[in-house]
Amino acid sequence: MIQLSPEIERQIDELMLSGRYSSTNEVVHEALRLMGERDRLLALCRQETAEKIATGLDSLRAGKGKDGEAVFDRIDSELDVLERDRFK
C-alpha cells in the first residue's frame with residue numbers, strides 16, 4: 001500500500017473528477033510513464049551536451065577557438081543596437 005499526502009490525494013481526486021482518469025491506478029500509471037519520458041529526455045540532453053562539449057574541446061585543440069572577449073564584445077554591440085532600435 002502506498003501512503004499519499006493529503007495534497008497528492010486531492011490532486012488525484014481532481015484529475016479523476018475532471019474525467020481524464022477513471023482510477024487512481026490510471027493517474028499513477030500516467031505519472032510513472034511521464035517520469036520515464038522525462039528521464040529519457042534528460043539523458044538525451046545530457047548526451048547531446050557532452051557531445052557538443054567534446055566537439056568544442058576538439059575544435060580548441062585544433063586551434064579553431066575564438067577569443068572569448070571578442071565574442072562577448074560583439075554580442076554586447078549587437079544587443080546595444082537592438083536596444084536602441086527597440087526604443088526608436
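**Helices, charges and surface patches in a predicted model**

Good morning, colleagues. I begin with Leu82, whose place is in helix H3, residues 68-86. For helices I follow DSSP runs: H or I over at least four residues makes a helix, E over at least two makes a strand, and the numbering starts at the N terminus.

The model is predicted, so local features need pLDDT of at least 70 and side-chain atom pairs count only at pLDDT 80 or more, while totals for chains, interfaces and linings use all residues. Residues are numbered from 1 along each chain as its sequence is written, and side-chain values use heavy atoms, with hydrogens and water left out.

Let us take the overall picture. The chain has 3 helices and 0 strands, and its pattern along the sequence reads α-α-α. What radius of gyration does the chain have? The value is 25 Å, whereas a compact globule of 88 residues would have one near 12 Å. This radius is taken over C-alpha atoms, and the globule rule is 2.2 Å times the number of residues to the power 0.38. Along the principal axes, the C-alpha atoms fill a box of roughly 60 × 45 × 20 Å.

Gly63 sits in the loop between helix H2 (24-61) and H3, and counts as exposed at 64% relative accessibility. From Gly63 to Met16, 47 residues away along the chain, the C-alpha distance is 60 Å. Asp85, in helix H3, is partly exposed at 43% relative accessibility. Between Asp85 and Glu37 there are 42 Å in space, C-alpha to C-alpha, and 48 residues in sequence.

Of the 88 residues, 5% are buried. The accessible surface comes to about 8,000 Å², and 58% of this belongs to carbon and sulfur atoms. Areas were computed by the Shrake-Rupley method with a 1.4 Å probe, and for residues only the protein chains shown count as cover.

I turn to the charges. Side chains of opposite charge can pair when their charged atoms come close. A salt bridge here is a side-chain nitrogen of Lys or Arg within 4 Å of a carboxyl oxygen of Asp or Glu. How many salt bridges does the structure hold? There are 7. Among them, Glu7, Arg10 and Glu14 are linked in a network. Glu7 meets Arg10 at 2.5 Å, N to O, and these two residues of helix H1 (residues 6-17) lie 3 residues apart, about one turn of the helix. Glu14 meets Arg10 at 2.2 Å, and they are 4 residues apart in H1, again about one turn. Another salt bridge joins Asp39 and Arg38 at 3.1 Å, N to O. Asp39 is partly exposed at 39%, as is Arg38 at 45%.

For the chain as a whole, the mean positions of the 14 positive and 19 negative charges are 5 Å apart. Lys and Arg count as positive, Asp and Glu as negative, and His and the chain ends are not counted. Each charge is placed at NZ of Lys, CZ of Arg, CG of Asp or CD of Glu.

Finally, the surface patches. Patches are made of residues with over 30% relative accessible area and no salt bridge, joining like charges within 9 Å and nonpolar side chains (Val, Leu, Ile, Met, Phe, Trp, Tyr) within 5 Å. Which residues gather in a patch of negative charge? They are Asp67, Glu69, Asp73, Asp76, Asp80 and Glu83. Of these, Asp73 lies in helix H3 and is partly exposed at 47% relative accessibility.

This brings me back to Leu82. Together with Phe72, Ile75 and Leu79, Leu82 forms a nonpolar surface patch, with about 400 Å² of accessible area in total. Why is Leu82 called exposed? Leu82 is called exposed because its relative accessible area is 57%.

Thank you for your attention.

How values were computed:
Buried < 20%, exposed > 50% of the residue type's maximum accessible area, 1.4 Å probe, protein only.
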